[in-house]
Amino acid sequence: MFQDRYDLAFRLYPYARAADQDAPTPVRHPVVVVGGGPIGLAMALDLGRQGVPVVVLDDHEGIGQGSRAICFAKRTLEIADRYGCGGPMRDKGVVWNLGKVFRDDRKVYEFNLLPEDGHRNPAFINLQQPYFEKFLFEQIQAEQAAGAPIQVRGRNRVEAITPAEDHVTLDIETPDGPYRLQADWLIACDGASSPLRSMMGLDFEGRVFKDSFLIADIRMTDSTFPTERWFWFEPWFKSGASTLLHKQPDDIWRVDFQIGWDVDRAEELKETNIRARLDAMLGPEVDYELVWSSIYTFQCRRMRNFRHGRVIFAGDSAHQVSPFGARGANSGMQDVDNLGWKLGLVLSGQAPDRLLDSYNEERTHGADENIRHSTRSTDFITPKTRVSQIFRDAVLDLAEEYEFARPIVNSGRLSVPCTYDGLSLNGPDALPGGPSRSRPGSACPDAPLGGGYLLDRLGGGFTLMTLDAEAPEAVTEDGVTASRLALSAADDPTGALAARYLGTAASGVYLVRPDQHVAARWDRYDETAVRAALRTACAKD
Amino acid sequence: MARLDTSSHFEAPDEFYAGLIAAQDGLSDEACLAFCARLILLLANHVGDREVLDEALAIARAGADQN
């Protein structure tokens with residue numbers, strides 16, 4: 001009855017009979033999350049930390065094997081810091097900033113992702129997905145111990161759902177037989193092939209790319225490769241039309257070969273054939289152990305709507321991109337970051353139901369941005385027509401010698417947080433001279449602050465951040481409070497705080513959302529304006 | 001508002017044209033296409049302005065759609 005779809009890296013939540021299974025009528029929960037992957041676990045953390053009771057259902061008993069996602073972006077680490085588990089990720093992860101692009105045996109381009117100081121987090125860490133999930137789960141356990149109402153139920157497979165006006169009924173299969181639950185809100189974090197999406201008969205439209213990629217994760221202890229992202233177009237060692245090499249913790253290296261569309265998967269996945277490609281690349285004298293391998297093809301697509309009444313989709317179930325750019329798990333974390341506080345306010349009656357429509361508005365905007373970048377990278381890496389191949393090659397030709405062509409070279413535009421420009425929760429941008437990077441809709445840029453960092457002081461609730469400006473300690477509008485964080489440009493002698501939030505202005509007042517995005521900003525405190533912006537940010541006007 | 005300048009700028013149009021043809025002399029069709037692609041990229045970067053380039057792309061495309 002329970003056929004595992006994959007082997008486990010960590011068995012974390014073995015099946016245990018829940019009291020709900022013995023209830024005579026289905027027990028109703030405020031939130032049920034389906035899927036215990038990174039996005040489902042993060043969703044549970046976000047809600048549980050707010051005190052919102054949440055039940056996670058997963059059809060396995062832990063985390064699947066295989067490194068899969070490996071690049072976790074700065075914004076993801078900032079979100080993890082807000083949840084309390086950024087530290088272990090940073091400690092375990094491999095920090096990298098430098099990417100190099102080669103053609104044949106020549107370097108054509110290199111980029112440094114974070115040439116700016118004053119951020120707690122690096123541009124990226126590489127970390128095998130099972131570790132990322134394990135750190136989230138350990139944080140869930142820590143929150144549970146502190147009383148957070150989070151339950152994670154292994155071997156609970158959703159067989160059917162019945163959406164109603166104000167709840168959803170779930171039919172769940174377990175090793176002890178079936179039972180039913182009801183949820184005020186159901187969050188579908190069940191991955192790219194989302195069974196819930198299929199059960200509801202919902203669309204998932206987009207483009208299929210006609211190429212396949214062979215991933216090999218290898219353990220290599222005496223490697224001379226540096227901790228950088230190396231990407232080859234038409235590599236001299238001929239192991240693929242393109243190749244990516246990237247370091248992970250535990251002396252593991254990710255190698256990714258582009259091997260064409262019409263391939264015999266079983267044949268290509270034979271160890272001797274994988275080794276032939278690796279030996280050509282690394283040289284016959286290099287010793288390595290093959291740890292994990294897989295072949296993937298990919299698509300760029302999304303659901304038209306992420307919200308369907310009381311069912312809300314987050315992560316890969318809602319959108320899927322190519323891996324170039326690390327925009328899969330990282331965008332899913334931004335979904336959770338966006339949805340968590342909104343759901344919290346709606347459940348507590350502090351905001352209307354339509355606040356959740358802004359989740360759809362903001363995150364489809366994010367998904368479109370990710371799909372656009374991902375599609376462009378893919379078109380560059382795997383040109384579709386003879387003429388686009390000719391232009392791609394012309395760019396690479398010129399990039400070796402001429403600076404102008406290098407920024408066109410696209411081996412993946414790496415994930416940065418989405419700015420919700422022009423969307424409906426934004427209030428006014430009334431800070432003349434204020435920097436563009438912290439305009440309404442932006443994720444707050446980090447800055448050093450008295451031995452710590454600014455982002456540690458933001459988020460969770462609404463914040464009224466003042467920079468050399470007066471304001472009351474708190475403003476409460478229709479049940480929602482914004483608490484003041486009083487700062488001065490002088491608090492950061494490096495000048496980064498002023499550069500990132502004041503620009504040429506002498507003072508500033510920012511209304512910051514619980515997800516650390518800027519809702520509105522002014523040059524001084526104006527009670528009427530702040531109250532109006534707080535209403536707008538909660539979808540009340 | 002049109003910004004692409006389509007008035008004549010060549011001091012010696014025949015010289016330019018002869019140079020353009022001579023630069024591809026003896027190239028295979030494949031090599032010639034690569035030559036054209038490099039030339040387009042070099043000149044497009046020199047122009048830089050997105051609106052001007054978009055206009056040039058639209059005029060070039062209209063020519064293709066008429067043929």
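The questions below take up sheets, helix packing and the chain contact in this predicted model.

Me: In the open sheet of eight strands in chain A, which strands stand at the edges?

Reply: The strand order in this sheet is β8-β7-β15-β16-β17-β14-β18-β21 (chain A), and the pairing is mixed. Two of these strands have a single partner strand each, so one side of each is left without a neighbour in the sheet. The edge strands are therefore β8 (106-112) and β21 (319-320) of chain A.

Me: Within that sheet, over how many bridges do β14(A) and strand β18 of chain A pair?

Reply: Strand β14 (residues 205-219) of chain A pairs with strand β17 (residues 252-258) of chain A in the antiparallel sense, over seven bridges. With strand β18 (residues 289-302) of chain A, the sense of pairing for β14(A) is again antiparallel, and the number of bridges is twelve.

Me: Which residue of β18(A) does A:Leu214 stand opposite?

Reply: On the side of β17(A), the residue opposite A:Leu214 is A:Phe257, while A:Ile215 has A:Asp256 as its bridge partner in that strand. On the side of β18(A), the residue that A:Leu214 stands opposite is A:Ile295.

Me: In the open sheet of three strands, what is the average twist from one strand to the next?

Reply: The three strands follow the order β5-β9-β6 (chain A) with antiparallel pairing. At the edges stand β5 (71-73) and β6 (94-96) of chain A, each with a single partner strand, so each has one side without a neighbour in the sheet. From one strand to the next, the twist averages 35°.

Me: Which residue of β9(A) is the bridge partner of A:Val94?

Reply: β6(A) runs antiparallel to strand β9 (residues 124-126) of chain A, and three bridges join them. In β9(A), the bridge partner of A:Val94 is A:Asn126.

Me: Do strands β25 and β27 of chain A run parallel or antiparallel?

Reply: Strand β25 (residues 462-467) of chain A is joined by six bridges to strand β27 (residues 480-487) of chain A, and one of the pairings places A:Met465 with A:Leu485 as its bridge partner in β27(A). The direction in which β25 and β27 of chain A run is parallel.

Me: In the hairpin of β26(A) and β27(A), which residue in the turn has a positive phi?

Reply: Strand β26 (residues 474-477) of chain A pairs with β27(A) in the antiparallel sense over four bridges, and A:Glu477 stands opposite A:Val480 in β27(A). Two residues lie between the strands of this hairpin, and the one with a positive phi, of about 50°, is A:Asp478.

Me: Are α1(A) and α4(A) roughly parallel or oblique to each other?

Reply: Helix α1 (residues 38-49) of chain A packs against helix α4 (residues 129-145) of chain A with their axes 9 Å apart, at an angle of about 20°. The crossing of α1(A) and α4(A) is left-handed, and the residues of their contact divide into nine nonpolar, two polar and three charged. Since angles under 35 degrees count as roughly parallel, the relation of α1(A) to α4(A) is therefore roughly parallel.

Me: How does the contact of α2(A) with α8(A) divide by residue class?

Reply: Helix α2 (residues 74-83) of chain A and helix α8 (residues 329-347) of chain A have axes that come within 9 Å and cross at roughly 40°, which makes α2(A) oblique to α8(A). The contact involves A:Arg75, A:Thr76, A:Ile79, A:Arg82 and A:Tyr83 of α2(A), together with A:Asn330, A:Met333, A:Gln334, A:Val336 and A:Asp337 of α8(A). By class, these residues are four nonpolar, three polar and three charged.

Me: In chain B, which residues lose the most area to chain A?

Reply: Chain B contributes nine residues to the contact, and chain A contributes eight residues. The area buried between chain B and chain A is about 920 Å², with 79% of that given by carbon and sulfur atoms. On the side of chain B, 48% of what is buried comes together from the residues that lose the most area to chain A, namely B:Leu33, B:Arg38 and B:Leu41.

Key: Residues numbered from 1 in each chain as written. Chains lettered and ligands numbered in written order. Predicted model: local features only at pLDDT ≥ 70, side-chain atom pairs only at ≥ 80, totals over all residues. Heavy atoms only, no water. Pairing = 2+ DSSP bridges. Axes fitted to C-alpha atoms, helices over the stretch in contact; angles between N-to-C directions. Parallel < 35°, antiparallel > 145°, perpendicular 65-115°, else oblique. Left-handed = near helix turned anticlockwise from the far one by under 90°. Nonpolar A, V, L, I, M, F, W, Y, C, P; charged D, E, K, R; others polar. Contact = heavy atoms within 4.5 Å. Buried area = accessible area lost by both parts, 1.4 Å probe.
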